[in-house]
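Thank you all for coming; I would like to walk you through one structure, slowly. Please have a look at the sequence and the model before I go on.

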Amino acid sequence: MSGDAPPEPRQVAIIGSGPAGLTAAIYCARANLTPVVFEGEPSSTSDQPGGQLMLTTDVENYPGFPGGIMGPELMVAFRAQAARFGAEIRTEKVSRVDFTERPFRLWVGEDPGGEPASSAHAVIVSTGAQSLMLGLEAEDRLIGRGLSTCATCDGFFFGGQEIAVVGGGDSAMEEALFLTKFATKVTVIHRRDQLRASKIMQDRAFASDRIEFLWNHIVADVLGTESVEGVRVRHTETGTERTLPLAGLFIAIGHRPNTDLFRGSLAMKSNGYLITEPGSTRTNVPGVFACGDVQDDVYRQAVTAAGSGCMAAIDAERWLEAQHDAKHR
Ligand code: NAP
């Protein structure tokens, strides 16, 4: 006998381990599909095992936790539940995929030239998305501690306080308007003197007596060690800096889906989000399914991601059954 035979293809490989990927893993494992989950590798961004919830503190809107739960704790529980039913979880980042023939092949590592790390009859893509950040060192320190990228998740913590939103697009207006339910004052810090947001969102924001605009300013630094205490802003033309005391800062300068890996393999919208058939998780490649934020530029919630992870597992299971039936007919 010469050499090791390549491992048998898996029924399902799952790429990504946020709420979508791990929910898909729980359902696939319980359907005896013995999934392998490539959970990614630790990093300081949301492109890491556990996804964006790893960068949040209290999660108070995930059903089932009336007292709230810490984001990382929730993801540890998701992971343990997937492992309990037999999902194999590999702390590796997929660096190349080949979806041109079945079984599909996945590679990991910096130099994905050799043997694939895994092959699978069906693949579930749940690589998530990342909020764009300003690139300040303070962001790593204060994310989840007064610095947030999600008003729906964290607005509630700022009742009666003064906060700010960075950005001038629809997201920033939406976040600012939502935050007026809690904060006494919301300052929108925008780098130009005109908003990018749609007219209707601009009008709503201008009509709010709790929203103020700080035009032609960028955030030069976020202040505070344990939590946000203020921001240092800089005028884009004069360079003049000043400090605004604030309890919270919301960054709303856009999102980027983690889809670089699938360019040329899967159909995506012009903004890079994967396209799935309406009402399903099917991508344009039969046998490849997508769930969670990687295909959702609208809701972007942990609970919607988890729901679509369940859908992907069921879609994959049914698709595999149909393939099996066709072969044995
Ligand atoms: P966006 O339209 O790309 O706006 C991003 C905003 O952030 C822009 O105002 C931009 O400034 C600013 N920005 C970008 N990088 C920055 C940086 N490094 N520092 C400071 N400011 C920075 O993104 P979005 O608001 O997330 O919206 C994305 C898409 O979703 C849009 O098509 C939007 O219409 C849609 N959306 C719709 C709704 C709704 O209809 N309710 C809600 C949310 C999003 P500049 O203007 O100077 O470029």
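**A buried glutamine, a helix pair and a ligand site**

Let me begin with Q130, whose side chain makes a polar contact with the side chain of N258 at 2.8 Å, where a polar contact is a pair of N or O atoms within 3.5 Å, and within protein one must be able to donate a hydrogen and the other to accept it, while residues adjacent in sequence count only if both atoms are side-chain atoms. This is a predicted model, in which local features need pLDDT of at least 70 and side-chain atom pairs count only at pLDDT 80 or more, whereas totals for chains, interfaces and linings use all residues. Residues are numbered from 1 along each chain as its sequence is written, and side-chain values use heavy atoms, with hydrogens and water left out.

Q130 sits in strand β9, residues 129-131 (strands are DSSP runs of E with at least two residues, helices are runs of H or I with at least four, and both are numbered from the N terminus). Q130 is buried, with a relative accessible area of 14%, and buried means under 20% relative accessible area, with a 1.4 Å probe and protein chains only.

Turning to the helices, D170, M173, E174 and L177 in α5 meet M201, R204 and A205 in α6, contact meaning heavy atoms within 4.5 Å.

Finally, which residues come nearest to the ligand? Of the 13 residues around the ligand, they are D170, S171, E174, R192 and R196, a residue counting as near if one of its heavy atoms lies within 4 Å. For R196, an N or O atom in the side chain is 2.7 Å from an oxygen atom of the ligand.

Key. Buried means under 20% relative accessible area, exposed over 50%, partly exposed in between (1.4 Å probe, protein chains only).
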